[in-house]
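Colleague: I am new to this structure and would be grateful for a guided introduction. May I put some questions to you once it is displayed?

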Amino acid sequence: MTKEETSAERDDMQIDGREFEHLQVSTIPGGFSADYLKLYYGKLFPHADIYRWLSYGNDGKHPACDHSYFGRREFSFTLENDIYVRFQSFNNAVDMENSIREKCPYKIDIGPVYSVDPAKRHAYAQSGNNVFAPVERELIFDIDMSDYDDVRYCCSGADVCLNCWPLMTISMKVLDTALRDDFGFNHILWVYSGRRGVHCWVCDGRARRLSNEQRAAIADYFRVYKGGENNVKKVNLTGPVLHPFLARSYTDVLKGFFEGKLLASQNLFASIERFQKILEIIPDESIASELLDKWQGNRRSSISKEDVNVVRWEQLKHVLQSGKQKAQGLRRCVEEIIFTYTYPRLDMEVSKHMNHLLKAPFCVHPKTGRVCVPIDPNNCDNFDPTTVPTLSQLLEELNMSGMRSESEDEWERTSLGKSIKFFRSSFLALLLKSCKEEMESLYNSKVKQSKNALNW
Ligand SMILES: [Zn+2]
């Protein structure tokens, strides 16, 4: 950043500082407001980090840098009163930051990088050569807890609690492992959606340049859960053996989670409505009704020492997997039940198309006031959505911590600090290093090519 920019930034800070003084009169009340958001974008939102991320190394001085790259990225803003402004673009970091501070969007979405500046798309269309098209986009995944309402009994809709949140945790584990081990991607950013779900951004160059067809193929790779209201059997595992990806997900993550946590936390066998839903998955009616009779006979008193869910699950497994069940479909049924209840339910349409928008990390969710912070996939078991900092909490922290020293950023004094540090050290630094290497090798091979051409 140049000297001029730094002093310009200081001026802004002073203006914001005055507004902030005003708020210090009383403590910050809970909730979400345009005033708070203005302070958040002025003092805490990591503009520079977002800019460096989405520049992918093209903001440097290397001769291979594409200086038009960042300016071809679509941003869309949701303003107060649900005014939705698409196809915003910014020439540089200062442009972006000024626009965000000025418009103070309730939500910022990030779209693809287009062939031309999306803000000037009409001019290109009028010039007759219709070249406006998306050319790059992170491979993205969106998992939303409201898609799990038929397997969780603690909450529904927009609510989450610590009993159902682990469904998101295991989705992250399953997907993250496959994206790294099966597809070889390295630069994967997981972000809490601010309310009830998670977003995944795969940022490797190879992922960003995938065509829609290739994205659809990857989405299909993950497609196990078919869903559908009227479809009793939502998961069909066919073939003599499970695909290695599914087998590994099952053994390493899903089985342990289902048996060790979900069974008891959701009381999956505690009432007839609940266990009947599981029995419907069993294709053999005589087995299903045998178990139903057994459990309806209310023999719970005799097994009171043990968790009824665990006992009934063991009984079901015993019947389906005992030696007398020769049919493969029946033995596979245990796995199908576990997949039905635990396998990641992805919003496929989001992943398949380059031009799908996705909420930017570090936005504040307008309904919860929580910041969309990154989640460490290696430590996702410890992520607790109910303790993610809220807008009002962060401003309160700023308020309480008094004067800042010249050297530190304001966010360092708040609980947002560790999220920004994590974003920088565990994601951004490694990503930019590999962007630089990729750029270097591309440039060298081009130089070599042109030298060879000259030699001829
Ligand atoms: Zn819950």
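This is a predicted model: local features need pLDDT of at least 70, side-chain atom pairs count only at pLDDT 80 or more; totals for chains, interfaces and linings use all residues.

Colleague: In which helix is the place of valine 308?

Modeller: Residues are numbered from 1 along each chain as its sequence is written. Helices (H or I, at least four residues) and strands (E, at least two) are DSSP runs, numbered from the N terminus. On that basis, residues 308-321 form a helix that holds valine 308, namely α12.

Colleague: Does valine 308 count as buried or exposed?

Modeller: A residue is buried if 20 or more other C-beta atoms, placed from the backbone, lie within 10 Å of its own, exposed if 12 or fewer, and partly exposed in between. Valine 308 has 20 C-beta neighbours inside 10 Å, and therefore counts as buried.

Colleague: How far apart in space are valine 308 and serine 271?

Modeller: In sequence, 37 residues separate valine 308 and serine 271. From C-alpha to C-alpha, their distance in space is 9.9 Å.

Colleague: What percentage of the residues in the chain is buried?

Modeller: The secondary structure of the chain comes to 16 helices and nine strands. Of its 456 residues, the buried ones make up 34%.

Colleague: What is the mean pLDDT of the chain, and which stretch has pLDDT below 50?

Modeller: The mean pLDDT of the chain is 88, with 87% of its residues at 70 or more. The stretch with pLDDT below 50 has ten contacts in the model beyond near neighbours in sequence, and covers residues 1-26. Two residues are in contact if their C-beta atoms, placed from the backbone, lie within 7 Å.

Colleague: How are α3 and α16 oriented to each other, parallel or antiparallel?

Modeller: Helix α3 (residues 47-55) packs with helix α16 (residues 417-455) at an angle of about 25 degrees, their axes being 10 Å apart. Axes are lines fitted to C-alpha atoms, for helices over the stretch in contact, and angles run from 0 to 180 degrees between N-to-C directions. Angles under 35 degrees count as roughly parallel, over 145 as roughly antiparallel, 65 to 115 as roughly perpendicular and the rest as oblique. The two helices α3 and α16 are therefore roughly parallel.

Colleague: Which residues of α3 meet α16?

Modeller: On the α16 side, the contact holds Ile420, Phe423, Arg424, Leu428 and Leu432. On the α3 side, the residues are Asp49, Arg52 and Trp53.

Colleague: Which residues does leucine 432 touch, not counting residues up to four places away in sequence?

Modeller: Leucine 432 lies in α16 and is partly exposed, with 19 other C-beta atoms within 10 Å. Although leucine 432 and arginine 52 are 380 residues apart in sequence, their C-alpha atoms are 8.2 Å apart. The residues that leucine 432 touches are Arg52 and Gly57.

Colleague: Which residues in α3 are buried?

Modeller: What covers the buried residues of α3 includes β1 (73-79) and α16. Those buried residues are Ile50, Arg52, Trp53, Leu54 and Ser55.

Colleague: How is α6 oriented relative to α9, parallel or antiparallel?

Modeller: The axes of helix α6 (residues 166-181) and helix α9 (residues 244-265) come within 10 Å and cross at roughly 165 degrees. That makes the orientation of α6 to α9 roughly antiparallel.

Technical notes
pLDDT is the predictor's confidence in each residue, from 0 to 100.
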